[in-house]
Amino acid sequence: MKNRKIILNEEEIPTHWYNIVADMANKPLPPLHPGTREPIGPEALAPLFPMELIKQEVSAEKWIEIPEQVRDTYKIWRPTPMYRATALEAALDTPAKIYYKYEGVSPAGSHKPNTAVAQAYYNKQEGVKRITTETGAGQWGSALSFACNIFDIECEVYMVKISYHQKPYRKTLMNTWGAEVFASPTNRTEAGKKILAEDPDSPGSLGIAISEAIERAASDEHTKYALGSVLNHVLMHQTVIGQEAVKQMDKAGDLPDIVIAPFGGGSNFAGISFPFLRMNLEEGKNIRCIASEPSSCPKLTRGVFRYDFGDTVGMTPLLPMYTLGHNFVPAPIHAGGLRYHGAGVVVSQLLKDNLIEAVAHDQLECFEAGILFTKTEGIVPAPETTHAIATAIREANRCKEEGKAETILIHLCGHGYFDLKAYDDYLSGKLHKHEVTKEAIEASLAKLDTPIIE
Ligand SMILES: *Cc1c(COP(=O)(O)O)cnc(C)c1O
């Protein structure tokens, strides 16, 4: 009888975050000032973030110690379980061994509290009174609301309008933890007013919501801003996931050939894959790490590697990343957390250097995968998460064709119990295949006047 569940003890919660930058031969290019377009130093970020997080953002130190209070808070849900997906394997009739690491056991239902708790902690240490942020599907807003509540900090969330209406209970969850939530674009900021003047019916986007949250933080000295993905420190905080997964795979007597995670800005992908990539970089292992993105927002598979803004209005530093252009407004698919135009700097450099892979899936293929997973393994995955399951099914089918018993690790980064409207739409036949056209990508990229990378 195979072990279905692989668990760790509290003492096995990692003591350090892993900073992959230390092991990269090609370091990421520097961020540029949005106005002068010259490289910026850490001090330029000081109005938005506490100093300790800025230090982590630019750090090349390999291991950064996790503060005791953060580690203690992690104990509420960490270590998270890993499972062998025996029922999914049987349904696919594949020789592949499939495992999944489940982050849906956190209070907010995803991996996001791993960084939210760390960020709230450092803000508290530096006397910050209020944190603003954006949220797409509501996962990040929930995580930050949960963390701010623990450290007694006010939390102000700009929620992408389409998700605000699709996921009313995410808003209620944030309110329950004490946060204020606004449907973005709003009339509370200059950035929001500008968008509404051009398009009063704008469904919003993460880029727009980021502009609003940053504007609020930049205009008040007691208010800082927190980002749930993309930045180096955020990706690094998530590496507790992969470090646990390395131990769990070891306990199972296995090593993955393939690690798969859904991709929005790169934080959950980084979280599960970087500790395995470390084994590639340091120990000569050859583990394939695959990022799964939606075909309606395919920055990794169809975007360009170029400097671009992180937000829509152009207030953030220019970052070297795979992007569809900061004006790109993705179709209103249910995987709200994946509707972002750009990819994190570190992950972008790794893709450029062919150290990781990327694939795209249409939403119907993803929901089919999500339903098969639910029926076999029992957990309803978040719509974002179904992308990784779709990739895993493709790989498991390839293993079947080739007669190979490869080991696949899926990052089950969140549950979908607040996303049942999405499943309802799928089950009642309301969802359609969607792939962004070549013309739409070209039109968005044509608007870019940001520096090109040779
Ligand atoms: C936020 C989120 C994502 C996308 O963001 P990443 O930074 O790429 O991880 C994916 N899945 C879930 C469940 C999320 O909450």
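Biologist: Which side chain has an N or O atom 2.7 Å from an oxygen atom of the ligand?
Modeller: Ser 267 has such an atom in its side chain, 2.7 Å from a ligand oxygen. Bear in mind that this is a predicted model. The side chain of Asn 268 also places an N or O atom 2.7 Å from an oxygen atom of the ligand.

Biologist: What about the backbone of Gly 264?
Modeller: A backbone N or O atom of Gly 264 lies 2.6 Å from an oxygen of the ligand.

Biologist: How much of the ligand does the protein bury?
Modeller: The protein buries 97% of the 380 Å² that the ligand exposes when taken alone.

Biologist: How many residues surround the ligand, and which are the closest?
Modeller: There are 17 residues around the ligand. The closest are Lys 112, Ser 229, Gly 264, Ser 267 and Asn 268.

Biologist: Val 230 next. What is its phi?
Modeller: Phi of Val 230 is near 70 degrees, which is positive in a residue other than glycine. Val 230 sits in the loop between β9 (223-225) and α10 (232-237).

Biologist: Is Val 230 buried or exposed?
Modeller: Val 230 has a relative accessible area of 5%, so it counts as buried.

Biologist: And Asp 93, buried or exposed?
Modeller: Asp 93 counts as exposed, at 51% relative accessibility. Asp 93 is not a glycine either, and has a positive phi of about 50 degrees. Its place is the loop between α3 (86-92) and β5 (97-102).

Biologist: Where are the cis peptide bonds at Pro 79 and Pro 185?
Modeller: One joins Arg 78 and Pro 79, with omega about -10 degrees. Pro 79 is in the loop between α2 (68-74) and β4 (82-84). The other runs from Ser 184 to Pro 185, with omega near 10 degrees. Pro 185 belongs to the loop between β8 (180-184) and α8 (190-198).

Biologist: Switching to aromatics. How many pairs in the whole structure?
Modeller: The search finds 14 aromatic pairs. In one of them, the rings of Tyr 121 and Tyr 122 have centres 5.2 Å apart and planes at 75 degrees, so that pair is edge-to-face. Tyr 121 and Tyr 122 are both buried.

Biologist: What is the geometry of Phe 367 and Tyr 423?
Modeller: Their ring centres are 5.3 Å apart and the planes are at 85 degrees, so this pair is edge-to-face. Phe 367 is in helix α15 (residues 363-377) and Tyr 423 in helix α17 (residues 420-427), so the pair ties together parts 56 residues apart in sequence. Phe 367 and Tyr 423 are buried.

Biologist: Where do Arg 84 and Arg 188 sit?
Modeller: Arg 84 lies over the face of Tyr 99, 5.5 Å from the ring centre. Arg 188 has its charged end over the ring of Phe 182, 3.9 Å from the centre.

Biologist: Back to the helices. Why call α4 largely enclosed?
Modeller: Because 11 of its 13 residues are buried. They include Tyr 121 and Tyr 122. Just after α4, Gly 127 has a positive phi of about 75 degrees.

Biologist: What span should α9 have?
Modeller: At 1.5 Å a residue, the 13 residues of α9 (residues 206-218) should span 18 Å, and the end C-alpha atoms are 18 Å apart, which agrees. Helix α9 is mostly covered, with 11 of its 13 residues buried, among them Leu 206 and Ala 217.

Technical notes: Residues are numbered from 1 along each chain as its sequence is written. This is a predicted model: local features need pLDDT of at least 70, side-chain atom pairs count only at pLDDT 80 or more; totals for chains, interfaces and linings use all residues. Side-chain values use heavy atoms; hydrogens and water are left out. Rings of Phe, Tyr and Trp (its six-membered ring) pair if their centres lie within 6.5 Å; planes under 30 degrees apart count as stacked, over 60 as edge-to-face and the rest as tilted. Buried means under 20% relative accessible area, exposed over 50%, partly exposed in between (1.4 Å probe, protein chains only). Helices (H or I, at least four residues) and strands (E, at least two) are DSSP runs, numbered from the N terminus. A charge sits over a ring if NZ of Lys or CZ of Arg is within 6 Å of the ring centre and within 35 degrees of the ring normal. A residue is near a molecule or strand if one of its heavy atoms lies within 4 Å of it. A polar contact is a pair of N or O atoms within 3.5 Å; within protein, one must be able to donate a hydrogen and the other to accept it, and residues adjacent in sequence count only if both atoms are side-chain atoms. Accessible areas come from the Shrake-Rupley method with a 1.4 Å probe; for residues, only the protein chains shown count as cover. The expected span of a helix is 1.5 Å times one less than its number of residues.
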